[in-house]
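Here are some friendly notes to read with the model open beside you. Take the points one at a time, and find each residue as you go.

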Amino acid sequence: LVLINDILDLSQVESGKTILELLDLVPSKVATQALQIVQETANKAKVNLRLDLNIPVKYDHLIADHQRLQHILLNLLSNAIKFTPEGGEVTLRAWSEDEMIVFQIKDNGIGISEEHRPLLFQRFQQLDSSYRRKYGGTGLGLALTKQLVELHQGRIEVESILDKGSSFTVRLPLRHPPIPLIKQDILYLSTPP
């Protein structure tokens, strides 16, 4: 079911039929909720979760689609937990910077080699494609995550060192521009004042 939903979501985004339900959200609450959702998974994997919030109250708002923002954070957190060995740590940080809200998911897991990084955001790509691969997944999570970030006019960056860990950073504008934008036959409504 998750695979089918990811395929449907990705095809909708790529065909330009995704409409964002923009709301004024509180990023610190969204981050806290995402961490709570994956807590049980982390407990089973014996991975420690940390939350580091550094958003001043006056900047703790973001015009975004709540469900899709949760999807972004949950994909990144789930991957971080999956690729972090027992006793490891995954940290979700959130802060404001230059009219942006920044979410960063950092782990001290297996890391990603430089040669594999170009494959990260491609559909149906698994870094370990062997028949007996250790880690499950469909290869859609990061592709969909990148598309959802870009729909919010944001960007995603990755830093990683093999056997040391990875850091995925999502930067989203505090508010969309006040004029309507057209992209792939989608009308993005201007944000409320």
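Which residue's side chain does a polar contact of 3.3 Å join to the side chain of arginine 171?

1. The partner is glutamate 157. A polar contact here is a pair of N or O atoms within 3.5 Å; within protein, one must be able to donate a hydrogen and the other to accept it, and residues adjacent in sequence count only if both atoms are side-chain atoms. Arginine 171 also has a side-chain polar contact of 2.6 Å with glutamate 97.

2. Before going on, a word on the source: this is a predicted model, where local features need pLDDT of at least 70, side-chain atom pairs count only at pLDDT 80 or more, and totals for chains, interfaces and linings use all residues. Residues are numbered from 1 along each chain as its sequence is written, and side-chain values use heavy atoms, with hydrogens and water left out.

3. Arginine 171 sits in strand S7 (residues 165–173); helices (H or I, at least four residues) and strands (E, at least two) are DSSP runs, numbered from the N terminus. Arginine 171 counts as buried because its relative accessibility is 14%, and buried means under 20% relative accessible area, with exposed over 50% and partly exposed in between (1.4 Å probe, protein chains only). Leaving aside neighbours within four places in sequence, its contacts (heavy atoms within 4.5 Å) include Met100, Ile101 and Gly154.

4. Now step back to the whole chain. The protein chain has four helices and nine strands, and 43% of its 193 residues are buried. Among contacts with a separation of 6 or more, 70% are between residues 24 or more positions apart.

5. S4 pairs with strand S2 (residues 48–54) in the parallel sense over seven bridges; two strands pair if DSSP finds at least two bridges between them. Arginine 50 has threonine 91 as its bridge partner in S4. S4 also runs antiparallel to strand S5 (residues 100–107), joined by eight bridges, and leucine 92 stands opposite isoleucine 105 in S5. In the hairpin of S4 and S5, with two residues between the strands, aspartate 98 takes a positive phi near 50 degrees.

6. Finish with helix H3 (residues 66–82), whose 17 residues reach 24 Å from first C-alpha to last. Its buried residues include Leu69, Ile72, Leu73 and Leu76.

Note on methods:
Expected span 1.5 Å × (residues − 1).
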